[in-house]
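Here are a few notes to go with your first look at this one. Keep the picture open while you read.

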Amino acid sequence: MSQYQPSEIRISDSEREDALGKLGEHMSAGRLDIDEYGERSAMVATAKTRGELLALFGDLPEPKPTFGQPSQGSAPARRERTFVEKFVPVAAPVAVLLLVAAVLILLKIPFFLPFLFVFIFMNHRRGPGNRWDGRGRGRPRGMGHERG
């Protein structure tokens, strides 16, 4: 099996994009003029190995392409969430619950009655003969282990 030198390793599209970004930084810093940037960008697009890419940066200081290593400062800074982003998702359901509680108190409805109606409605939807224990009329015979 042949051993490749680090400069002979083929590059990926993301590594080409990283190199183009670094060239753009050098152009905006004034190290490259627009013609040099265009020439080097075309060479980045056709480069196949790490050595070909690094040769384009030989006369430039940092930043240079990084291969499989995170570049310094590339990680996005974690920003603190604002008050609205923190508390609105929690405040909306709490406000609805408080509104429902206020209506129940104003109408003098005991607290458990809405839950009773929900339970009756859910139980009624199951239909006659469909009891919670599964022994209703709709069940075929011979299935299950019922005793006499």
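1. Start with Asp59, which is exposed at 55% relative accessible area. Bear in mind that this is a predicted model. Asp59 makes a salt bridge with Arg40, and their closest N and O atoms sit 3.0 Å apart. This pair ties together distant parts of the chain: Asp59 is in the loop between helix H3 (50-56) and H4, while Arg40 belongs to helix H2 (residues 34-46), 19 residues apart. Arg40 counts as buried, because its 12% relative accessibility is under the 20% cut-off.

2. How many salt bridges does the structure hold? There are four. Another one joins Arg16 to Asp13, with 3.0 Å between the closest N and O atoms. Arg16 and Asp13 are three residues apart in helix H1 (residues 13-28), so about one helical turn separates them. Is Arg16 buried or exposed? Arg16 is buried, at 18% relative accessible area, whereas Asp13 is exposed at 55%.

3. Helix H1 also holds Lys22 and Asp18, four residues apart, or about one turn. They form a salt bridge too, the closest N and O atoms being 3.1 Å apart. Lys22 is buried, with a relative accessible area of 6%. As a reminder, an α-helix has 3.6 residues a turn, so residues three or four places apart point the same way.

4. Now for helix H4 (residues 83-106). Its 24 residues should span 34 Å at 1.5 Å a residue, and the end C-alpha atoms are 32 Å apart, which agrees. Look for a bend of about 30 degrees at Ala91, with Pro93 following within four residues. Just after H4, Lys108 has a positive phi of about 55 degrees.

Terms used. Residues are numbered from 1 along each chain as its sequence is written. This is a predicted model: local features need pLDDT of at least 70, side-chain atom pairs count only at pLDDT 80 or more; totals for chains, interfaces and linings use all residues. Side-chain values use heavy atoms; hydrogens and water are left out. Helices (H or I, at least four residues) and strands (E, at least two) are DSSP runs, numbered from the N terminus. The expected span of a helix is 1.5 Å times one less than its number of residues. The bend at a residue is the angle between axes fitted to the seven residues ending there and the seven starting there. A salt bridge is a side-chain nitrogen of Lys or Arg within 4 Å of a carboxyl oxygen of Asp or Glu. Buried means under 20% relative accessible area, exposed over 50%, partly exposed in between (1.4 Å probe, protein chains only).
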